[in-house]
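Welcome to a short tour of a protein model.

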Amino acid sequence: MQFADIENPFVKYLHSCGKAELLDHVPTHSRISMYGMCEHLDEHWEKLEDLHVGIKTIYVISIDGMDSKMLYNIWEDNKYTCTPLIPNFMQNEDAVIVFDNSAEGHVDEYILKFISQVVHHYKLNPEKTFYCNSSINIKQLQEKTKYTNFKTITSNNFLEDSLTGLHTELQSKLQTFGHFDDTFLFDIDTNLSKRYLFNCLNNAPKPHRALLLGAMVESGLDGFYSSPTVPFKELYEHTIEYLNKQMCNNALSKEDFKIALNWLNILENNYPIILDKPSDNSIHMRKMSDDSNFIDSLFDCDISIVTESSIENNLFVSEKVFKPIIMCQPFIVLGPNRINYYLEEMQYNTFDYIIDTKQIDHENNIVTKIKMIIESLNNISNIKSSPTDWKSFKDKIAVDVIHNYNNFIIKKNKLQDAGKEDIHGFFKFRPGLKEPLL
């Protein structure tokens, strides 16, 4: 078995399609992948000219950093005219091709249809072609579609060790709010008065984020939050398209639609809301921000509202959930179904006394979900108005955030140690990645 140490073919493909402007966050090299994280695979990487003939060769094509619908449309427009996405040297019986999308957890019809058409177009071996992302239930999602001429695997990328750089950056800030000892336990000052009730960061444009932001503006609550920066017309059109689809699926009533439309109109009058300009490092989890004042403001919030990339059935957690855990903040997640259940399985506490986590885990109506979040924030605001009630509430939160932080540290250390003596230790935590190697 060997890995091909090559430039990412997807980069040359996008250049030939005249889409170089989309390459800012697309990995340039095959080794910038989940397989490149494991030092025990280092000896198996070979330059293209040094590849051995007659043995299994794994070619990693990274498609991270791309919107799935945009990716599919580019493919439809250019598949016959641009540089082949699958170069000739990959089209042989020894080749195993892995489309690596491990920084993404969202699975939709566009990405599955794209991979399926690539397999068909280049006559790839369905048993030796894989699509990999972070959704835990990716195989079940694929099985519900007709796009089954390739295999899907989960990288389970968003685990605690992937946040090591971010944790290191934030440690000095954490020490401002508490005192570490050798077991990573620390005290939380429950009398500390925070400037903001909540924070909610939203850079990538998503319909559920637009609706939540409109509801937050309408609520008048004192929050530290940001919006996407794409033209509002684009965000509006995508959100209306989403709402219409929800109506067709009977997930929304006419009254819900009117409420959602009102939230959109409210957001338009306050758009965009810019707090920080993300850098490559912050987008790829290595840093929170290059702006220290921005980080100080995030810590100066009572609760974090996390808007995940997906709110449907793509079960995964990203770095967005881990940020409040590292920052020792309570959180509410607007994310996929069963996300709180999944976090509890990972031994994290999910603050069911702040919001009904079981109800929001199984609620398919986006308007109802957002109303639940706003109601919870209003309840916290009311508690905060009573010093006695607030002290009791903060004491309860302190126990849970300390538990979550300590759980993060234990898991991070265990994951970093995994595989140091035996490669199977690495695949114990990311078993999906082992399949192409078998």
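## The second largest cavity

In this predicted model, the second largest cavity has a volume of about 40 Å³. The count of cavities of 30 Å³ or more comes to two.

Sorted by class, the lining of the second largest cavity holds five nonpolar, two polar and two charged residues.

## The second largest pocket

Around it you will find Glu-7, Asn-8, Pro-9, Val-11, Lys-12, Thr-28, Thr-83, Pro-84, Pro-87 and Phe-89. This pocket lining divides into five nonpolar, three polar and two charged residues.

## Where H6 meets H14

How do helix H6 and helix H14 cross? The axes of H6 (residues 207-219) and H14 (residues 366-384) come within 10 Å and cross at roughly 40°, which means that H6 is oblique to H14. The crossing of these two helices is right-handed.

On the H6 side, the contact is made by His-208, Leu-211, Leu-212, Ala-215, Met-216 and Ser-219, and H14 contributes Ile-366, Ile-370, Ile-373 and Ile-374. By class, the residues of this contact between H6 and H14 come to eight nonpolar, two polar and no charged.

Terms used. Residues numbered from 1 in each chain as written. Predicted model: local features only at pLDDT ≥ 70, side-chain atom pairs only at ≥ 80, totals over all residues. Heavy atoms only, no water. 1 Å grid on protein atoms, 1.4 Å probe; cavity = no way out; pocket = protein on both sides within 12 Å on 5 of 7 lines; lining within 4 Å. Points joined across faces, edges and corners; volume = space filled by probe spheres on them. Nonpolar A, V, L, I, M, F, W, Y, C, P; charged D, E, K, R; others polar. Axes fitted to C-alpha atoms, helices over the stretch in contact; angles between N-to-C directions. Helix = DSSP H or I, 4+ residues; strand = E, 2+ residues; numbered from the N terminus. Parallel < 35°, antiparallel > 145°, perpendicular 65-115°, else oblique. Left-handed = near helix turned anticlockwise from the far one by under 90°. Contact = heavy atoms within 4.5 Å.
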